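Trainee: Please pick a single part of this model and go through it closely. I would like to know what surrounds it and how its neighbours are arranged.

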Amino acid sequence: MVTHEEATARRRISVLGRSERRVLSWIAAVVVPTVAAALMGLVDRFSGVNGENALFFVVVVLVALLGGVGPAILSALISGLLLNYFFTDPKYSFTIAEPDNFITTVVLLIVAVAVAVLVDAAAKRAREAKRASEEAELLALFAGSVLRGADLSTLLEKAREIYRQRGVSVVHLDDGVVEAVGTEPPTTESEADTVCEVNDGEYLLLLSGPELSARDRRVLAVVAHQAAGMIRQEQLTVEASKAAALTEADQLRRALLSAVSHDLRTPLAGVKAAVSSLRSDDIEFSPEDTAELLATIEESADQLTALVGNLLDSSRLAAGVVKPTLRPVYLEEVVHRALLGLGIGGRSDSRARSVIVDVGTVAVQADQGLLERVIANIVDNALRYGGGTPVRVGAARIGNQAVISIADTGPGVPRGEAEAMFQPFQRMGDRDNTGGVGLGLSVVRGFVDAMGGTVSATDTPGGGLTMIVELAAAGTNGSES
């Protein structure tokens, strides 16, 4: 079992720098054989020469494992001298009386050098493998980031950590510093210790810190190209976004001009024709014809009023200036006023018989003016596209919600296209735009959202379209629920 303290100590040894490790090896080359000789002196009478030789072999191997041929040779020489002086005859003399003692010292030297060389080679390969892994990680990170559009500063910070630099920056020839990380990041070539050029100096990768090898510079040159690629990709993304926004705005503008010009011309032409006919002295109109012409003028004026109202409502929603004042309102009153706004409600009005209202005493928390516009737009839409079928306006309270339904039994809408009706100018592209510019239902959704409700479209059982508006319900006596 490895304790936490032991693990920490091992990590400290493993993170020692090369210079620190070399100093530790020289110290160990002197101290470890000396300590081993002292310990052996305490148990000299219990062990023989073979045991003492084995102990010093272990000592030499331990020192050699720390790395460095020089410390290993020094450790082997000290161990041989200590072994000869204290533990072999004649003791307390450096005289080598037996050839075996000389051979032992030589073997110690050979073992020390061999182990040290192997350790140094392994350490070198480990460093090269670690550096290669870091470089591969860095290049993969930059290459993937070019595709994913990652944060450039994070990638530069990664490069700074790998190459142990104080600061790293990317500089454009004309725009100056594009991105910089670390302390004291260089801003000009004169301040940098390492410079990597991209595209004949259009971009520069500047680094301040320890000098880098030729291999590191080659890797950083690749990193610099990828960093420049990321910057250009980000610029292209911004330009593409601007171009898409301009294209969308231009399409909306052309659709608006096309639809509005038609919807203005049609009722104005009707008004012009009716007024010209009434003022004509050549034709004498009957009272019924006169009433019909006046009705045409009124209907055309209503269309113009609705068009202008929807345009104004859309601009208010787009500007974010719609601030509803919510209070309890009875749906019966709201629906009645909405129908009057559409010119529906007179006894002689045939459309009045096409709208069946059954909302009971349901009350909602809403802005009365906005809710009237919502009901009017939905009913007007149902009358236009419902195929002349009756339109039923109903309401029910479900828990704390009030559900308003406006249903027709007309042709309905194709499956999957109901949601598109709530987009502005949703009729854009239709050749038949006699029914309006396509703003009515987008205004409905905007107003309902502003009042904290929802609006959706679904099929009417048996065919047709049903619009569902859900708002917070008010109390049965008109108070807040």
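Mentor: A residue is called buried when its relative accessible area is under 20%, exposed when over 50%, and partly exposed in between (1.4 Å probe, protein chains only). The model is predicted, so local features need pLDDT of at least 70 and side-chain atom pairs 80 or more, while totals for chains, interfaces and linings use all residues. Numbering starts from 1 along each chain as its sequence is written, and side-chain values use heavy atoms, without hydrogens or water.

The part is helix α11, residues 440-450; helices (H or I, at least four residues) and strands (E, at least two) are DSSP runs numbered from the N terminus. Nine of the 11 residues of α11 are buried, so the helix is largely enclosed by the rest of the structure. The buried ones are Gly440, Leu441, Ser442, Val443, Val444, Arg445, Gly446, Phe447 and Val448. Their cover includes helices α8 (287-319) and α10, and strands β10 (454-459) and β11 (465-472). After α11 comes Gly452, with a positive phi near 80°.

The axes (lines fitted to C-alpha atoms over the stretch in contact, with angles from 0 to 180 degrees between N-to-C directions) of α9 (residues 331-341) and α10 (residues 368-385) come within 8 Å and cross at roughly 60°. The two are therefore oblique: under 35 degrees is roughly parallel, over 145 roughly antiparallel, 65 to 115 roughly perpendicular, and the rest oblique. In contact, meaning heavy atoms within 4.5 Å, residues including Val334 and Leu339 of α9 meet residues including Leu371 and Ile375 of α10.
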